[in-house]
Amino acid sequence: MLTTDRLILRPWVDADREPFAAINACADVMRYFPSVQTRAQSDATVDRQMKAQADRGYCFWAAEKREDGQFIGFIGIQDAPDYYSMKGGIEIGWRLAASTWGQGLAPEGARACLAYAFSKLGAPEVVAFTAKVNKPSMRVMEKIGMTRDLAGDFDHPMIDEGHPIRPHVLYRIKADAVLSC
Ligand SMILES: CC(C)(COP(=O)(O)OP(=O)(O)OC[C@H]1O[C@@H](n2cnc3c(N)ncnc32)[C@H](O)[C@@H]1OP(=O)(O)O)[C@@H](O)C(=O)NCCC(=O)NCCS
């Protein structure tokens, strides 16, 4: 469990399934994804995160507000997919309820995740990627000190050719960039 000023990042529990499904059914939240998610798709994501936590001890953790315990989405780390130059690395990611946006919660939680990846896991580097049009997510990457790898642009292999969210950008941050500041 990671704690920040305003957040707790923790393993998932079954009670998160319903509020997470509501987040994934929101068109605003999912506007840079191929579609909103059904309850079954949302539950499958929860299942994957629970399995990752059990297998490896980290995942895209459930995020709750410290002040009232409200579940608001996820912020966390996972093994990066095998696309292009990310193979074998740690990926950081986030998805929060629209009602919480604009308060700096994603970067706050993400900084704790970076510290965990570098200090506890000994990761040499953490990557993040998003659709080229997802400026809010790119802003979070920049706020936590990540740098865009211009050579790392790629077309997401699971999104149809010609789809506006197919072009993706890749950001990186090395351990020494965080540990030295
Ligand atoms: C990306 C996301 C996690 C950012 O979380 P957050 O806690 O709002 O982060 P911040 O408060 O630091 O805001 C980051 C940027 O989001 C944008 N933003 C802020 N409030 C917003 C709002 N109400 N509506 C739309 N965009 C907003 C701004 O560009 C902001 O950058 P700025 O601070 O330089 O103005 C959130 O927008 C989200 O969950 N989006 C949907 C899921 C998603 O796209 N996840 C990433 C997939 S790779």
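1. Two strands are taken to pair if DSSP finds at least two bridges between them. In this predicted model, strand β1 (residues 2-3) and strand β2 run antiparallel and are joined by 2 bridges. Leu2 has Leu9 of β2 as its bridge partner. The two strands, β1 and β2, form a hairpin with 3 residues between them.

2. Strand β2 also pairs with β3: the two run antiparallel and are joined by 4 bridges. Here Ile8 has Glu64 of β3 as its bridge partner. In a regular strand, side chains alternate between the two faces of the sheet. Both faces of β2 (residues 7-10) are covered, with Leu7 and Leu9 buried on one side and Ile8 and Arg10 buried on the other.

3. Strands β6 and β9 pair in the antiparallel sense over 7 bridges, and Ala128 stands opposite Tyr171 in β9. Strand β7 (residues 147-148) runs antiparallel to β9 and is joined to it by 2 bridges, with Thr147 opposite Arg172 of β9. Strand β8 is likewise antiparallel to β9, through 2 bridges, and Asp155 stands opposite Pro167 in β9.

4. The largest nonpolar core holds 47 residues, of which Trp61, Ile75, Ile77, Ile92, Trp94, Val126 and Met146 touch the most other members. Helix α3 (residues 105-120) supplies the largest share of this core, 9 residues. Another core, of 6 residues, lies apart from it and includes Tyr83, Phe129, Phe154 and Leu170.

5. The count of aromatic pairs comes to 7. One of them is the stacked pair of Phe60 and Phe74, at 5.0 Å centre to centre and 15° between the planes. This pair links distant parts of the chain, since Phe60 belongs to strand β3 (residues 60-65) and Phe74 to strand β4 (residues 71-79), 14 residues apart. Phe60 has a relative accessible area of 8% and is therefore buried, the cut-off being under 20%. Phe74, at 4% relative accessibility, also counts as buried.

6. Phe129 and Phe154 form an edge-to-face aromatic pair, 5.6 Å centre to centre with 70° between the planes. Because Phe129 lies in strand β6 (residues 125-131) and Phe154 in strand β8 (residues 154-155), the pair ties together parts that are 25 residues apart in sequence. Both Phe129 and Phe154 are buried.

7. Phe60 and Phe74 also belong to one aromatic cluster, together with Trp12, Phe20 and Phe71. Elsewhere, a charged group meets an aromatic ring: the charged end of Arg95 sits over the ring of Phe33, 4.8 Å from its centre.

8. Which residues lie nearest the centre of the largest pocket? They are Phe33, Phe60, Phe74, Trp94 and Arg95, out of 50 residues that line the pocket. The space in this pocket is about 1,600 Å³. The elements giving two or more residues to its lining are α2 (39-56), β4, β5 (90-96), α3, β6 and α4 (135-143).

9. Phe60 and Phe74 form a stacked pair and are among the residues nearest the centre of the largest pocket. Trp94 is among the core residues that touch the most other members and is also listed nearest the pocket centre. Phe129 and Phe154, which form an edge-to-face pair, are both members of the core of 6 residues.

Definitions and conventions. Residues numbered from 1 in each chain as written. Predicted model: local features only at pLDDT ≥ 70, side-chain atom pairs only at ≥ 80, totals over all residues. Heavy atoms only, no water. Core = buried A, V, L, I, M, F, W, Y, C linked by side-chain atoms within 4.5 Å. Buried < 20%, exposed > 50% of the residue type's maximum accessible area, 1.4 Å probe, protein only. Phe/Tyr/Trp six-rings, centres within 6.5 Å; stacked < 30°, edge-to-face > 60°. Lys NZ or Arg CZ within 6 Å of the ring centre and 35° of its normal. 1 Å grid on protein atoms, 1.4 Å probe; cavity = no way out; pocket = protein on both sides within 12 Å on 5 of 7 lines; lining within 4 Å. Points joined across faces, edges and corners; volume = space filled by probe spheres on them.
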